[in-house]
Amino acid sequence: MIWAFVFALLGACSRAAGTNAGLKGRVTQKGLEYGQQFGLEVVKSLLKKEHVPDLNGSYNIPLIGDVGYSVSRIQIQELQLNESVVSFSEGTGVRLVVSNARIHLSGVWRVKVLFVPDSGTFDLSVSDLSLSTELGVSRDDGGRPQVWSANCRSSVGRLDVKFHNGASWLYNLFMGALQVPLRYEVNRQLCPELGKGISNLERVLKTMQVSAQIDPFAAIDYSLVNKPVIAREHGDIDLKGEFYGVAKHTESPFSPVPFLLPDEGDHMLLLGLSEFSANSAAFVYFTAGALRKNFRDDTIPKRSPIRLNTGSMGLFLPELKKLYPDMPMELHLSARKQPLLTCLPDSLALALFGAAEAFVVLPNATLASAFLLDLDASVAGQLQLDSAKVGGSVALTNFSMSVVRSHVGSVQVKTLETLLKLALQMVALPMVNKKLKEGFPLPSVYNLSLVNPRVKINQGFVLVATDVQYQARAAVAG
């Protein structure tokens, strides 16, 4: 189970040669050690629910002869792993070293002496248990993680058994003679059983999803694009991080560019989110036709100086009021090409390319096209992040407007542009910033929450450096 946590952290996160990544992640030594702390607790709770494989054998006891024995229904009652060290194994994966561990088990014993069977229960204490093993990590051809067990070694220092029921008083007399074969059997099965657990994990990873649908329009591909890179003090992985359309998978015009995560060992986890990922998402929503919005006057904030009717808009189009006096209007906003995000040092820059077509709503409810405008805007943004939500703020840096066509005479472009810019700054952006200040909740991944996260905007990517906290889900009452 500790391996599952370690790889989950690595998978939630480079310096690998090969395909460039849209998302990068790094688990530091601090993160690995935190995973060890609660991972071992999870291991303990799980092992107490599991039965250890049966042990069978025979041994010759002086004066009694050959004794065939079997111990079954072995269950761990107590597990102490106080002296354990987890570290990165450079070029391979993760190394776990356990020293002076203690295990207390119970179970059922059966023996056959001179063809006479006997049975009862027992308590088994194993002390001075040592174990060292490595978990190798890689990727398969489908971009899924792979794991394997390497270099496992174990030793059992002392093993004490206390028999109960049956002729246990007799077998307890010969416990010294049984220590050697029992200790051998326990030690012989430690590494193979660990290997079985890692094999089970590998089978689970082979079926792991490497993409997820976000909404009816978009899905994200988070498959591994390179083999994980394991250094002495951290583990890095590269994820594709590309959005694609649900209805139609159109090739994105963008390609990820290389970027490196900085060396910041004070945090457990580093995440690098590239502008490529954001722009691939914008491309998907644009090509799906999702970047469209229609407005009527009742959907415009009351504070707006411009109303959607021919009386208000006629101030900029004198012919409009003459052709359509005192009639409601409808405005169709859409992106004429996809938005473009650029990550600059300490700031985000978003370029918006829109089109606004105004219609007059005729008495029979049909629409008559009045004019079509191109609207271009540039916005600067900041990000804010805490343990529960992500937010930020935006500011308008540039706005321009041009007339594509008009069916109602000339348009007073400069005046309308000035008023639209004023409306954006006084009405639209304050509403957006209010929502951004409230923030959006962060999803819980693997029951992990962020602790003291720090976000920094770099050239080409956003860096999130954070500690994490694991909280087990409460059991659901049956």
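1. Basis. The model is predicted: local features need pLDDT of at least 70, side-chain atom pairs count only at pLDDT 80 or more, and totals for chains, interfaces and linings use all residues. Residues are numbered from 1 along each chain as its sequence is written, and side-chain values use heavy atoms, with hydrogens and water left out.

2. Burial of β18. Strand β18 spans residues 347-361; helices (H or I, at least four residues) and strands (E, at least two) are DSSP runs, numbered from the N terminus. Of its 15 residues, 11 are buried, so strand β18 is largely enclosed by the rest of the structure. Buried here means under 20% relative accessible area, exposed means over 50%, and partly exposed lies in between (1.4 Å probe, protein chains only).

3. Pairing with β16. Two strands are said to pair if DSSP finds at least two bridges between them. Strand β16 (residues 329-335) meets β18 in the antiparallel sense, over seven bridges. Within this pairing, A335 stands opposite G354 of β18.

4. Pairing with β17. Strand β17, residues 340-344, runs antiparallel to β18 and is joined to it by five bridges. L344 stands opposite S347 in β18. The hairpin of β17 and β18 has two residues between the strands, and D346 takes a positive phi near 70° there. As for C343, this residue is buried, with a relative accessible area of 2%.

5. A358 stands opposite F371 in β19. These strands also form a hairpin, with five residues between β18 and β19. A365, in that turn, has a positive phi of about 75°.

6. Disulfide. How many disulfides does a search of the whole structure find? The search finds one, a disulfide being a pair of cysteine sulfur atoms within 2.5 Å. C152 and C191 form the link, with their sulfur atoms 2.0 Å apart. The angle about the S-S bond is -85°, and the link of C152 and C191 is left-handed. The pair connects distant parts of the chain, 39 residues apart: C152 lies in strand β8 (residues 145-164) and C191 in helix α4 (residues 175-206).
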